[in-house]
Amino acid sequence: MMDTPSRHSTELPSWQRLETHAEQLQGQPISSLFKEDPDRFDHFSARFEGILLDYSKNRLTKETRTLLVQLAEEAQLPAWRERMFRGEKINHTEERAVLHTALRAPETPALMVEQEDVMPAIHQVLEQMARFVDSVHQEEWLGCTGVPITDIVNIGIGGSDLGPRMVVDALRPWQKRGIRSHFVSNLDGRALETTLESLDATRTLFIVASKTFTTLETMTNAHSARNWFLQAIKKQGKGESSIRNHFVAVSSNPEACQSFGIAVENVFTFWDWVGGRLSLWSAIGLSIALAIGMDRFRELMAGAHAMDNHFRSAPLEENLPVLLALIGVWNHNFQGAESHAVIPYDASLELFPAYLQQLDMESNGKQVDREGEPIEYLTSPLLWGESGSNGQHSFFQFLHQSSIRVPIDFIGTLEPGHQLPDHHERLTANMLAQAEALMKGKSFQEALAEISAQPDETQTRLARYKTFPGNLPSNMLLLERLDPHTLGSLIALYEHKIFIQGVIWNLNSFDQMGVELGKALAKRIQQELEQGALDKQSPAHDSSTQSLINYFLQHKNRSQSQKN
Ligand code: F6P
């Protein structure tokens with residue numbers, strides 16, 4: 001099916017109606033909406049399985065929701081959704097299908113991509129993973145000296161790191177006994193060095209995880225890890241052939257894995273229709289499966305699949321990813337918010353905001369629409385966050401009293417992931433209180449009354465400092481508990497949210513051309529830094545870059561001559 005040229009989002013009738021509607025709501029305090037409708041929570045919350053979404057603390061009414069749903073319909077969301085699930089090449093700039101949802105679906109029915117059913121291959125790799133994971137856990141897979149594997153090091157970056165790292169961290173209570181997981185992504189040698197320091201090479205398994213198997217950071221770390229390993233096992237009288245027991249690869253470029261020296265049977269493949277930032281469901285999830293076992297990994301996938309079904313079938317106004325996406329569009333495009341914070345009040349989700357940064361900003365941080373026309377409205381917000389209650393003691397001051405309005409997703413759990421109930425109640429109380437405080441604020445009069453019944457000039461001034469503008473929107477996501485199934489659903493919820501926003505903003509959420517320019521320029525500078533001189537054949541750098549290179553080289557030369 002060809003891409004149907006769509007109208008610019010801002011030309012859609014509902015977009016224009018939303019603009020007028022936003023003007024009418026301007027200045028309306030969110031808390032007044034609660035006074036007008038005592039059942040506001042019931043009218044503006046939705047549930048799916050163990051996830052509750054309360055979106056009542058946003059400045060919106062039933063009319064807003066109706067108009068937003070119309071916007072989704074006019075942007076042809078239902079049609080785009082089906083095109084994605086059916087495997088059409090909706091990533092039009094790279095001519096690729098977008099099928100991370102197929103990775104977590106049952107083997108039947110068939111799903112055809114270029115006249116081939118992709119489901120059997122997906123399930124073959126899952127079986128390969130299961131066999132491998134079981135053999136490591138059952139200590140049948142042994143290191144080169146015959147001892148079991150105790151440490152798994154995933155070497156990857158971006159989507160080949162952030163997703164697995166976040167899931168393994170979140171599901172630490174499910175971690176297999178006797179297995180420690182490590183993740184190395186940064187090109188900074190300290191990251192690898194610090195990890196290797198604590199490892200016994202004969203008990204370590206490296207997973208080189210890279211879709212392309214060309215990424216500078218990953219290949220540099222993988223080569224250094226390989227050198228370290230060979231050096232370490234030399235003392236045991238072992239050589240290159242031991243790589244087979246200690247290095248596996250996950251990639252959609254199996255030839256490159258073999259050129260690196262990884263045995264063909266140790267390569268786990270996936271396909272070009274799996275986007276890097278959506279790849280944790282593919283063999284990129286091997287580090288997850290090794291950490292928590294294949295059964296738990298399948299539970300994670302089942303949770304995501306359940307969310308896929310919900311997204312595909314629930315009415316738009318009750319559909320969690322649709323609601324989350326539309327509220328985001330409302331806050332960013334019609335209420336002027338340029339950033340968005342995700343604050344999990346659950347330490348297990350500490351890495352969730354960092355994971356979402358790639359998922360959201362690499363997908364929708366774009367300036368050109370599907371027709372190649374410039375986009376004149378805000379697309380991906382600047383996404384940031386960290387876990388509560390830590391944030392309360394750093395950036396919450398800014399959230400409450402700065403002039404920048406930041407909509408927030410709070411994420412909490414009903415059941416704690418630990419045995420200290422007092423902590424959980426206090427933590428939850430703080431999360432609920434923050435959302436309430438951000439919305440309600442505190443007026444100057446209230447602040448003044450708190451200070452004194454008969455205020456003088458100093459107290460009047462002090463009251464200004466103690467005033468909170470309030471009216472700040474937030475969503476609350478409450479999970480029954482954080483287990484593999486619910487985490488799978490939560491991740492899929494955000495994946496779909498981002499896809500939906502991409503549809504509304506009429507952009508391709510699945511390429512990432514904005515990462516290329518810096519990479520290309522780095523190649524030349526790397527050469528110059530290594531060779532110790534500027535490349536005179538190529539056009540000159542700007543004077544800042546040129547001077548910084550020279551400054552670096554002068555220092556390098558000085559320290560080299562001191563060493564000699
Ligand atoms: O940041 C660019 C990017 O291509 C991401 O999209 C991807 O997740 C990451 O680099 C790593 O790529 P690879 O898995 O090919 O090493």
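This is a predicted model: local features need pLDDT of at least 70, side-chain atom pairs count only at pLDDT 80 or more; totals for chains, interfaces and linings use all residues.
Are H16 and H21 roughly parallel or roughly antiparallel to each other? Let's work it out.

Helix H16 covers residues 352–364, and helix H21 covers residues 484–504. Their axes sit 10 Å apart and pack at about 25 degrees. Angles under 35 degrees count as roughly parallel. H16 and H21 are therefore roughly parallel to each other. The crossing of H16 past H21 is right-handed.

Who touches whom? H16 brings Phe-352, Tyr-355, Leu-356, Leu-359, Asp-360, Ser-363 and Asn-364. H21 answers with Leu-490, Ile-491, Tyr-494, Glu-495, Lys-497, Ile-498, Gln-501 and Gly-502. By class, that contact holds eight nonpolar, four polar and three charged residues.

Next pair. Helix H1, residues 13–25, meets helix H4, residues 62–74. The axes come within 9 Å and cross at roughly 160 degrees. That makes H1 roughly antiparallel to H4. Here the crossing is left-handed. On the H1 side, the contact includes Trp-15, Leu-18, His-21 and Leu-25. On the H4 side, it includes Glu-63, Leu-67, Leu-68 and Leu-71. The tally for H1 with H4 is seven nonpolar, four polar and three charged residues.

Now the ligand. For Thr-215, a polar side-chain atom lies 2.5 Å from a ligand oxygen. For Ser-160, a side-chain N or O atom is 2.6 Å from one. Lys-211 uses its backbone: an N or O atom there lies 2.8 Å from an oxygen atom of the ligand.

Methods: Residues are numbered from 1 along each chain as its sequence is written. Side-chain values use heavy atoms; hydrogens and water are left out. Axes are lines fitted to C-alpha atoms, for helices over the stretch in contact, and angles run from 0 to 180 degrees between N-to-C directions. Helices (H or I, at least four residues) and strands (E, at least two) are DSSP runs, numbered from the N terminus. Angles under 35 degrees count as roughly parallel, over 145 as roughly antiparallel, 65 to 115 as roughly perpendicular and the rest as oblique. A crossing is left-handed if the near helix is turned anticlockwise from the far one by less than a right angle, and right-handed if clockwise. Contact means heavy atoms within 4.5 Å. Ala, Val, Leu, Ile, Met, Phe, Trp, Tyr, Cys and Pro count as nonpolar, Asp, Glu, Lys and Arg as charged, and the others, Gly among them, as polar. A polar contact is a pair of N or O atoms within 3.5 Å; within protein, one must be able to donate a hydrogen and the other to accept it, and residues adjacent in sequence count only if both atoms are side-chain atoms.
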